[in-house]
Amino acid sequence: MLIGHQPKDFLLAVSGLTVSFDGFKAVNDLSFYVEDNEIRVIIGPNGAGKTTVLDLICGKTKTTSGSIQFRGQELTRLRENEIVQAGVGRKFQTPSVFEDLTVFENLEISFPRGRTVFGSLTFQRDAAVKQRVEEVAEMIFLKDRLDTYADQLSHGQKQWLEIGMLLIQDPDLLMLDEPVAGMSVSERAKTAELLNRIIKGRSVLVIEHDMKFVEDIAHKVTVLHQGQILSEGTMEHVKNDPKVIEVYLGH
Amino acid sequence: MSDEKKPGLRSPFRRKLLMGMAALPAISMLPRTAFAEAPATSAVNTTGLAVTDSEVTVGILHSVTGTMAISETGSVEAEKLAIEQINAAGGVLGRKIKFIQEDGASDWPTFAEKAKKLLVNDKCAAVMGCWTSASRKAVLPVFEQYNGMLYYPTFYEGLEQSKNVIYTGQEATQQIIAGLDWVNKTKGAKTFYLLGSDYIWPRTSNKIARKHIEGHLQGAKVVGEEYFPLGHTQFNSVINKIKLTKPDVIYAIIVGGSNVAFYKQLKAAGIDLSKQTLLTISVTEDEIDGIGGENIAGAYACMKYFQSLDNPNNKAFVTAFKKMWGEKTVIGDVTQAAYLGPWLWKLTVEKAGSFDIDKVAAASPGVEFKGAPEGYVRVHENHHLWSKTRVGRAKTDGQYELIYETADLVEPDPFPKGYQ
Amino acid sequence: MIINSRFFNRSELIGFLALALLLFVILPLSLDIFRLNLVAKYLTYAFVGIGLVLCWGYGGILSLGQGVFFGLGGYCMAMYLKLEASSVENTKIQSTPGIPDFMDWNQLTQLPFFWKPFHSFPITLIAIILVPGIFAFIIGAAMFKRRVGGVYFAIITQAIAAIMTILIVGQQGYTGGINGITDLRTLHGWDIRTDHAKFILYFVEVVLLFACIVAAQFIRLTKLGRILVAMREQEDRVRFSGYSVANFKIFAFCAAAIFAAIGGAMFTLEVGFMSPSFVGIVPSIEMVIYTAVGGRMSIFGAVWGSLLVNFAKTSLSESFPQLWLFGLGALFIAVVLAFPNGLSGIWQDHVQPRIDRLLAARKSKPGNGFSVADGAPAE
Amino acid sequence: MFGDYSLSDLGAIFAMQGFAGLILFSVYVLMALGLAIIFGQMGVINMAHGEFMILGAYVTWMTSSAFQQYLPSLFPGYFFIAMSLAFIASGALGMLVEWALIRHLYKRPLDTLLATWGLSLILQQAYRSVFGAREVGVELPEWMMGSKQVTDTIEVPINGIFVMGLTVLITLAVAYILVFSRWGKQVRAVVQNRVMAGAVGINTEKVDRYTFGLGCGIAGVAGSAFTMIGSTGPTAGQLYIVDTFLVVVFGGAASLVGTIASAFTISQAQSTMEFFLSGSMAKVLTLLAIVAILMMRPQGLFALKVRK
């Protein structure tokens with residue numbers, strides 16, 4: 001660890017993060033820190049830059065300036081797959097699963113072994129793989145649908161499958177973009193239960209609009225507005241922040 | 001293309017009659033044996049070719065589809081005309097010629113494949129065909145392996161000689177040297193700018209031209225040499241270079257669609273071909289059809305045949321050709337050479353008294369065809385033709401007017417010493 | 001060869017055996033050597049097709065430059081054969097004996113350095129694989145690392161095909177120009193032009209073809225095959241599952257290039273020459289079409305597609321040269337519009353279910369060994 | 001190679017060479033504009049684009065023959081009528097093709113490539129059957145031939161000036177239609193969000209059809225203009241297609257300005273290299289440079305940086 005001033009107990013340290021698209025600063029000099037086993041929810045109005053922050057952390061979008069340290073590793077210099085291998089998992093807003101593959105195969109692909117070209121050629125579907133896949137499938141309520149092609153699943157099931165795919169990667173930092181959006185009420189409840197189960201033992205970064213849901217899970221809330229932090233703290237603190245009320249909650 | 005209705009042919013009878021009449025000058029020069037009783041098939045065909053008591057099968061192998069169809073159509077037409085005329089005049093050794101036409105589709109393996117079919121499956125006694133060097137190179141091993149006989153009509157780069165091929169067009173030295181000598185002598189040309197499409201015929205021809213210019217013409221030199229991909233259509237840059245170097249002669253061997261672009265742009269750039277000498281060996285009357293006579297008028301072409309040649313053979317040939325294929329068709333050098341193929345084969349077979357390939361190949365040297373539209377031709381030991389070389393000047397109506405012809409037949413020399 | 005129920009599922013196994021029966025038994029017995037040699041020529045395109053199934057059907061990478069690799073393989077083989085045909089005594093009329101005839105015509109007086117290794121047959125065989133493989137790797141690495149894909153990749157590969165053709169045609173002293181490398185005679189002293197040789201070469205080719213089918217099937221069944229499918233659908237998800245998408249694309253592209261090169265080398269042996277007309281844009285697109293007609297998702301489809309389209313081409317152009325292009329054009333359009341999965345799609349959607357129903361009706365008793373939903377990933 | 005020439009000679013040559021580059025530029029822009037609309041705006045890879053150009057060329061040829069035969073006195077002006085007819089013919093065929101073929105394939109861009117390749121084969125054979133395999137020569141009115149003397153040493157071809165003028169006109173027209181007209185706004189709306197555009201009452205099918213027709217119509221006009229400098233034959237269209245696609249892709253497919261800038265860059269590079277090298281090598285080097293640059297900058301020269 002060359003960078004000594006970084007407090008050691010932060011899992012993720014974002015500092016001075018800026019990105020601009022043709023002059024428009026979608027994220028502007030943003031800094032925040034996530035600790036081990038912390039559940040952080042990012043909220044903010046549309047266009048505040050929430051999804052962009054996740055894109056920047058997972059490498060989908062390149063930063064203009066600033067730094068993202070994960071366990072002391074500078075993520076801005078890594079490729080997406082290296083970031084994943086470093087221990088960051090990301091779920092997208094719309095479910096992105098492989099519809100031409102079965103649930104089993106979807107989960108198997110995410111199993112963290114044989115990720116190189118050669119490794120995937122020699123990859124064996126051994127007992128460890130099968131056991132882990134079944135374990136995760138059980139968690140995401142899809143145990144009896146292992147052989148179903150993913151295009152047959154409902155919207156909610158696809159969301160779960162994607163969460164399962166992240167789970168099997170066993171990341172240290174899990175990033176979820178609106179995990180309950182577009183779900184039915186019963187699915188929503190099940191998802192909350194699922195999330196509550198899987199967030200144990202890792203840090204989670206969630207974007208969510210559903211305030212009830214946020215209140216349920218958040219340790220700490222960050223409010224973004226126009227690419228900058230408007231407020232940060234416990235849900236209680238944020239809720240009572242007049243700036244937040246003005247731009248967001250008050251509406 | 002083969003069975004299109006052509007205007008001017010009202011009845012099959014009239015058509016036959018015309019064919020027959022057109023062939024008269026040629027027939028009158030044939031030896032009497034042509035009308036004699038047909039000899040027994042077993043005697044004239046000992047190797048199992050497709051010869052019956054009344055028929056003999058030959059192949060026609062050209063592209064009627066693909067990019068080369070443009071050029072090869074004329075050859076197919078000429079070969080069919082010659083076959084009709086020969087049949088009208090009694091056939092070969094008393095047998096009518098039946099032809100099987102195959103499409104090479106402008107694709108060289110297809111040529112090889114079809115050549116093999118014509119020889120192996122159809123047992124053709126001879127094949128008239130190919131146009132590009134590439135297609136000939138592709139079929140040559142086939143003809144040598146299965147011992148067939150190919151009559152190849154195009155003027156080409158030389159550097160080849162085969163027992164199984166009769167080259168009825170000119171090889172490069174025949175076409176080039178006389179023309180360069182002429183332009184050097186009559187125009188006092190000293191500086192030459194060589195242009196060509198980028199493939200073997202123009203490159204080899206320009207190589208021979210360069211050797212001749214630098215080695216045999218007093219004080220003459222090449223001031224530029226350039227090649228363009230086939231199908232190239234932008235010549236403004238090279239035209240500027242020509243303006244810069246001001247050569248006495250532009251020596252152009254550009255082929256296909258590029259020709260059209262080249263001459264149109266030359267004219268547009270203000271290069272007046274009545275003042276600037278341009279000598280080409282690649283533009284026949286066929287190509288002028290596409291270029292437009294007004295764009296190329298004044299250019300000189302050096303080859304062995306022009307449609308405007310003034311002799312009885314040619315007049316009959318042109319009349320018959322137009323009757324068969326329409327008033328608007330034009331006849332270029334290669335078309336005429338293709339017309340020679342069936343006739344030369346007939347004469348050779350009758351000289352040999354046999355359809356056997358080996359006997360035909362052996363009898364070929366010395367065969368004379370007095371009825372050729374270009375005038376008298378004779379087959380050389382090396383299976384090319386002795387022929388005259390002529391220079392013509394393009395007119396706006398798309399025809400060439402004959403300016404010069406060599407006094408004697410020019411000897412074919414496919415492997416010219418000192419030019420390699 | 002591994003032929004068991006795990007490696008091929010039931011319908012694939014039937015397909016495999018039917019194809020083997022056709023190519024190893026029926027065709028050699030029923031066709032004369034001329035037609036058999038034609039079939040051999042058609043099959044050389046099947047190699048390209050198998051590669052395209054992997055890289056286009058599975059990986060979603062459409063290359064319009066497979067002719068380049070076909071040509072590279074073919075030229076490697078042709079260079080070896082040409083050197084053998086240009087022995088000093090064969091070429092003694094040349095000004096420089098011992099070099100290929102076209103070099104002599106172009107005033108080359110010694111063999112260019114890159115021709116020299118092709119005196120050796122083992123090196124030639126290695127080059128047939130390596131030269132196209134490395135070339136594909138360079139193109140693939142440059143493009144996929146920078147996330148060039150889809151339409152752009154197709155157009156750039158097309159441009160590469162154009163460049164290659166112009167280069168080969170333009171450098172005729174080194175490549176034989178537009179005529180290509182012709183008049184190839186012997187392989188290691190063995191005359192490849194005889195009927196007997198054609199017969200043997202046919203079987204060599206069919207064996208190689210089946211080796212390629214098995215190799216492609218192997219790749220398809222590994223996790224790599226599933227990653228290719230996954231990548232075609234959701235590239236980002238694959239990336240965020242920890243895979244380097246570019247590397248997998250490079251692999252698929254290189255594999256396709258190598259398959260194409262093997263086809264090209266066989267083409268040279270079967271046809272007896274190689275020319276730039278198999279390198280350019282038109283042949284490259286035609287190869288894609290064969291694959292599309294057979295079914296871009298089916299390895300066997302690619303073989304059938306190459307066979308049938310070429311067979312149709314030969315027979316149609318023999319009898320109706322004018323109609324051929326209309327037919328071919330209409331075929332492409334029909335396949336794309338109505339049958340995007342080609343012949344194999346038609347088979348699977350319309351023929352296979354009927355056969356299944358027929359079989360099911362006949363063997364209605366339980367326990368016959370086939371379970372209908374036999375797609376279980378766990379054994 | 002410049003040793004023997006005076007400075008003024010050289011100046012004249014460079015001026016003319018610059019002009020040659022400009023003509024090539026105009027040719028590229030004409031070729032690429034139609035495709036930029038079809039490919040850039042609609043995402044359709046139209047491999048039959050060259051055949052639409054050749055249709056325009058054949059229409060021009062037929063018009064010229066008709067005028068020569070029936071209206072020889074009006075022959076000097078026939079070219080303008082021919083160009084309009086070429087636009088209508090190619091545009092109409094384009095709309096027909098869109099209706100029969102393309103509209104089924106909007107979600108599968110790579111498949112449009114295959115289908116339109118099939119279409120191009122059919123069109124080529126149709127031309128061959130109708131017009132014959134040989135090339136046809138289009139006769140131009142006298143005033144369009146020859147060159148104009150600018151100074152003692154500099155002369156410029158008149159048809160070159162004509163092509164350049166035409167290019168400017170068409171470019172302005174296209175720019176107007178796409179950027180300012182109501183219809184252009186609809187086109188862009190459909191490009192950006194088909195569903196939304198449909199929801200606000202734009203007839204997306206009609207917009208698609210007319211956009212494709214416009215692109216093909218421009219191809220027809222380009223083909224008509226090319227009869228002045230190139231050849232007209234059944235397969236001539238294939239010669240243009242790769243160059244055209246490269247120009248569009250190199251410019252960054254979605255932007256018309258990019259297409260024009262890219263045509264300018266490529267034409268100047270090529271005509272400069274042609275002057276110093278042989279035509280073949282110039283072509284190879286130009287293509288190589290384009291491919292190399294595209295590998296480094298896949299989004300093309302002038303694409304906007306957008307948030308994905």
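Guide: Two strands pair if DSSP finds at least two bridges between them. The model is a predicted one.

Visitor: What makes strand S3 of chain A a partner of strand S8?
Guide: Four bridges join S3(A), residues 39–43, to S8(A), residues 203–207. The requirement is at least two bridges, so the two strands count as paired. They run parallel, and A:Arg40 stands opposite A:Leu205 in S8(A).

Visitor: How do you know that S3(A) also pairs with S9(A)?
Guide: Again by bridges: four of them join S3(A) to S9(A), residues 220–225, and these strands run parallel. On this side the bridge partner of A:Arg40 is A:Lys220.

Visitor: Why is S3(A) called largely enclosed?
Guide: A residue is buried if 20 or more other C-beta atoms lie within 10 Å of its own. Five of the five residues of S3(A) are buried, so the strand is largely enclosed by the rest of the structure.

Visitor: Which residues of S3(A) point which way?
Guide: In a regular strand the side chains alternate between the two faces of the sheet. Here A:Ile39, A:Val41 and A:Ile43 point one way, A:Arg40 and A:Ile42 the other way, and all are buried.

Visitor: Why is B:Lys123 called partly exposed?
Guide: B:Lys123 has 17 other C-beta atoms within 10 Å. A buried residue needs 20 or more and an exposed one has 12 or fewer, so 17 puts B:Lys123 in between. Its place is in the loop between helix H4 (108–121) and strand S3 (127–129) of chain B.

Visitor: And what makes B:Lys246 exposed?
Guide: B:Lys246 has 10 other C-beta atoms within 10 Å. The limit is 12 or fewer, so B:Lys246 is exposed. This lysine sits in the loop between helix H8 (236–245) and strand S8 (249–253) of chain B.

Visitor: What is the phi of each of these two lysines?
Guide: Most residues other than glycine have a negative phi. Phi of B:Lys123 is near 55 degrees, a positive value, and phi of B:Lys246 is near 45 degrees, also positive.

Visitor: How do you know that chains A and B do not touch?
Guide: Contact requires C-beta atoms within 7 Å. No contact joins chain A and chain B, and their closest C-alpha atoms lie 38 Å apart.

Visitor: Which pair of chains shares the most contacts?
Guide: Chains B and D, of the five pairs in contact. Chain D brings 37 residues and chain B brings 33 residues. H1(D) gives the most to the chain D side, with six residues. By class, that side has 16 nonpolar, 14 polar and seven charged residues.

Visitor: What describes the packing of H10(D) and H11(D)?
Guide: Two packed helices are described by the angle between their axes and the distance between the axes. For H10(D) and H11(D) the angle is about 145 degrees and the axes are 8 Å apart. The crossing is right-handed. Among the contact residues are D:Ile266 and D:Met273 of H10(D) and D:Leu285 and D:Ile290 of H11(D).

Notes:
Residues are numbered from 1 along each chain as its sequence is written. Chains are lettered from A and ligands numbered from 1 in the order in which they are written. This is a predicted model: local features need pLDDT of at least 70, side-chain atom pairs count only at pLDDT 80 or more; totals for chains, interfaces and linings use all residues. Two residues are in contact if their C-beta atoms, placed from the backbone, lie within 7 Å. Ala, Val, Leu, Ile, Met, Phe, Trp, Tyr, Cys and Pro count as nonpolar, Asp, Glu, Lys and Arg as charged, and the others, Gly among them, as polar. Axes are lines fitted to C-alpha atoms, for helices over the stretch in contact, and angles run from 0 to 180 degrees between N-to-C directions. A crossing is left-handed if the near helix is turned anticlockwise from the far one by less than a right angle, and right-handed if clockwise.
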